[in-house]
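I am opening my notebook on a new structure. I will write down what I look up, one topic at a time.

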Amino acid sequence: IPPRFDRITYRQAFLDAMGFDPHRIAASDLSRLAGLEGVPPPPGFEVDDRDAWLNLLLAARVEGTLGFDRPAFLLDYPPSQAALARVRAGDPPVAERFELYVRGIELANGYHELLDPREQERRFAEANARRRAAGKMELPMDRRFLAALEAGMPSCAGVAVGLDRIVMLATGAKSKDEVIAFPI
């Protein structure tokens, strides 16, 4: 009996769709590949932001290949793309994050929650340092969340499901603008 869902790692999805390992490629190489693929960066794009290039190429070239035979879980993201997720040791280490795709559309995004309050606070501070360096306003430190972690929050997962995307699939819509009341 075939599985009801495919499981594919972030690495394998990029290897299959674009021929490179996303965990081991430099931002400059991603920029060059995007140019070769005809994927221009949007206005305000920071050309040295490796994760931004990966997100752009994921959206433009990888996502559209996922979940056509059966729903597919995309697993094991770079740790830098999962601020609230546990990181599993390995070479390379990967974040315990997933997205669910059906016919190239992302339906859900989830992760295994990080439970270490010191690591979470470090990640919050690191994110704010990046925001400051980019001239952006800092986000407030979520002290209540950190206190919950300190108190011993049990092992859990967080998952967000896109109702608009489910409606897209059900109606055959080609974009979210076709299924939301007030498109921007």
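The entries below cover a helix pair, a pocket, some aromatic rings and a few points on the backbone.

**Entry 1: the model.** I note before anything else that this is a predicted model.

**Entry 2: two helices.** I know that a pair of packed helices is described by the angle between their axes and the distance between the axes. I looked up helix H4, residues 117-133, and helix H5, residues 143-151. Their axes come within 9 Å and cross at roughly 155°. H4 is therefore roughly antiparallel to H5, because angles over 145 degrees count that way.

Which residues meet where H4 and H5 touch? On the H4 side I listed Pro117, Arg118, Gln120, Glu121 and Phe124. On the H5 side I listed Arg143, Phe145, Leu146, Leu149 and Glu150. I sorted the residues of this contact into 5 nonpolar, 1 polar and 4 charged.

**Entry 3: the largest pocket.** Rolling a probe the size of a water molecule over the atoms shows where empty space is left. I looked up the largest pocket and found about 870 Å³ of space in it. Its lining has 30 residues. Nearest the centre of the pocket lie Asp51, Ser80, Glu126, Ala127 and Arg130.

Which helix gives the largest share of the lining? I found that H4 does, with 9 residues. Helix H3 (50-62) and H4 each supply at least two residues of the lining. By kind, I divided the lining of the largest pocket into 12 nonpolar, 5 polar and 13 charged residues.

**Entry 4: aromatic rings.** I searched the whole structure and got 7 aromatic pairs. One of them is formed by Tyr10 and Phe14. The ring centres of Tyr10 and Phe14 are 4.9 Å apart, with 50° between the planes, and the pair is tilted. Both residues lie in helix H1, residues 10-18. Tyr10 and Phe14 are 4 residues apart there, about one turn of the helix.

**Entry 5: two backbone points.** Is the peptide bond from Asp91 to Pro92 cis or trans? I read it as cis, with omega near 0°. I placed Pro92 in the loop between strand E3 (87-88) and strand E4 (94-102).

I also noted Asp76, which has a positive phi of about 65° although it is not a glycine. Asp76 sits in strand E2, residues 72-77.

**Entry 6: Leu115.** I found Leu115 in the loop between strand E5 (105-112) and H4. Leaving out residues up to four places away in sequence, I listed what Leu115 touches: Arg86, Leu149, Met153, Pro154 and Ser155. Leu115 and Met153 are 38 residues apart along the chain, and their C-alpha atoms are separated by 6.8 Å.

Definitions and conventions
Residues numbered from 1 in each chain as written. Predicted model: local features only at pLDDT ≥ 70, side-chain atom pairs only at ≥ 80, totals over all residues. Heavy atoms only, no water. Axes fitted to C-alpha atoms, helices over the stretch in contact; angles between N-to-C directions. Parallel < 35°, antiparallel > 145°, perpendicular 65-115°, else oblique. Contact = heavy atoms within 4.5 Å. Nonpolar A, V, L, I, M, F, W, Y, C, P; charged D, E, K, R; others polar. 1 Å grid on protein atoms, 1.4 Å probe; cavity = no way out; pocket = protein on both sides within 12 Å on 5 of 7 lines; lining within 4 Å. Points joined across faces, edges and corners; volume = space filled by probe spheres on them. Phe/Tyr/Trp six-rings, centres within 6.5 Å; stacked < 30°, edge-to-face > 60°.
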